[in-house]
Amino acid sequence: MTVAIQDRAAARVAAVRSRAYTFPTEEPESDGTLTWDSTTMIYAEIDAGGRTGIGYTYADAAAAGLISGMLAEALVGSDAMQTGACAAKLWAKIRNNGRCGVAAMAVSALDVALWDLKGKLLDVPVCTLLGQVRDQVPLYGSGGFTSYGLKELARHMARWVDEDEIPRVKMKVGRDHSCDRERVGTVRKAIGNDAQLFVDANGGYAVKEALAIAAQFAQAGVVWFEEPVDHRDLAGNARVRAMAPPSMEVSNGEYGYALDDFERMISMQAADVLQADVTRCGGFTGFMAVDALCHSRNIPLSSHCAPYATLHAAAAATSLRHAEYFYDHERIERRFFDGADSPRDGALAPDLSRPGIGLTFKAVDAIEFAV
């Protein structure tokens with residue numbers, strides 16, 4: 001059933017639901033500044049016109065309460081076809097709770113669900129609604145946690161290249177500075193000389209430490225240095241960017257929640273490549289706004305995490321270079337969503353035969369992990 005665009009009353013939001021699920025990791029994991037042993041996904045549903053749109057984010061379980069409570073109040077009765085107006089209502093509703101963090105992640109999940117719903121009401125894929133510009137989205141494999149020993153690290157990183165044919169991989173650094181050079185060298189040997197090697201410090205270095213280690217990383221052919229210092233220290237990131245080896249790009253942006261966050265990174269010259277996360281930056285609406293900003297400034301864009309939630313926006317983003325295929329998230333999404341197909345030739349392609357974002361949540365399979 002397709003709802004005629006003229007029949008706007010049939011597309012009114014009837015209900016909004018959310019639930020949190022916590023999935024344990026295979027073993028304790030860590031990066032340069034954080035350790036964890038589980039990942040919590042916030043799943044959201046929106047009903048309108050006999051269809052249900054779905055979206056999700058990775059956040060604290062508190063986000064589910066925001067979605068089912070105040071944000072549901074803002075959406076119920078709204079025209080689901082007017083995704084822009086719905087997004088504006090959501091942002092207005094969270095004003096007194098802060099524009100960033102958990103509140104922004106709750107809004108992001110609902111924005112993805114709204115676009116999924118609109119695609120289902122019109123019986124078209126979301127990438128078609130957004131204006132698809134590519135058939136496939138190039139990936140980079142992402143993992144290589146600092147909790148891994150050298151053998152496990154090498155095996156984990158080589159899998160992206162050998163099994164999934166992804167020609168670029170990213171590993172974590174910044175926890176034990178004395179070991180980072182050896183760990184990077186180990187990964188370089190494991191993936192060969194043809195694959196691109198990225199590192200992510202998650203803000204684990206001070207500026208001078210980052211500059212010193214960048215020179216060492218460059219000898220192993222590292223071409224991407226993510227958050228070398230704290231992501232909020234834009235001046236420090238700008239300094240590392242200006243003084244790093246010319247072959248090495250500095251990236252930042254995964255904690256961008258609003259468009260002005262990305263504008264400040266550009267103004268401060270704090271990154272060569274911006275990263276936007278659809279589960280944090282306002283869903284597809286926010287992601288496409290960041291893409292337009294990047295396009296206007298001739299700055300490449302890379303998506304952060306949640307690869308299958310991101311796919312349709314990534315396929316429509318003019319400035320996109322590649323998408324992050326993050327181990328914790330792809331493992332969850334491929335297990336609990338029908339339609340989350342394996343990469344082919346190092347890329348993901350949206351299924352144009354499926355309306356919306358092309359995913360169906362396997363709620364029965366996930367019930368044991370419900371919070």
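Where is the place of Asp164? Asp164 lies in the loop between α5 (150–162) and β5 (168–172), helices (H or I, at least four residues) and strands (E, at least two) being DSSP runs numbered from the N terminus. The model is predicted, so that local features need pLDDT of at least 70 and side-chain atom pairs count only at pLDDT 80 or more, while totals for chains, interfaces and linings use all residues. Residues are numbered from 1 along each chain as its sequence is written, and side-chain values use heavy atoms, with hydrogens and water left out.

Asp164 counts as buried because its relative accessibility is 11%; buried means under 20% relative accessible area, exposed over 50%, and partly exposed in between (1.4 Å probe, protein chains only). Leaving out residues up to four places away in sequence, Asp164 has contacts (heavy atoms within 4.5 Å) with Arg159, Pro343, Asp345 and Gly346.

Helix α1 comes next. A kink of about 30° is centred on Ser68, the bend being the angle between axes fitted to the seven residues ending there and the seven starting there. Among the buried residues of α1 are Ala63, Ile67 and Leu71, and their cover includes β1 (13–30), β2 (35–48), α2 (83–93) and α3 (102–122). Gly77, which follows α1, has a positive phi near 95°.
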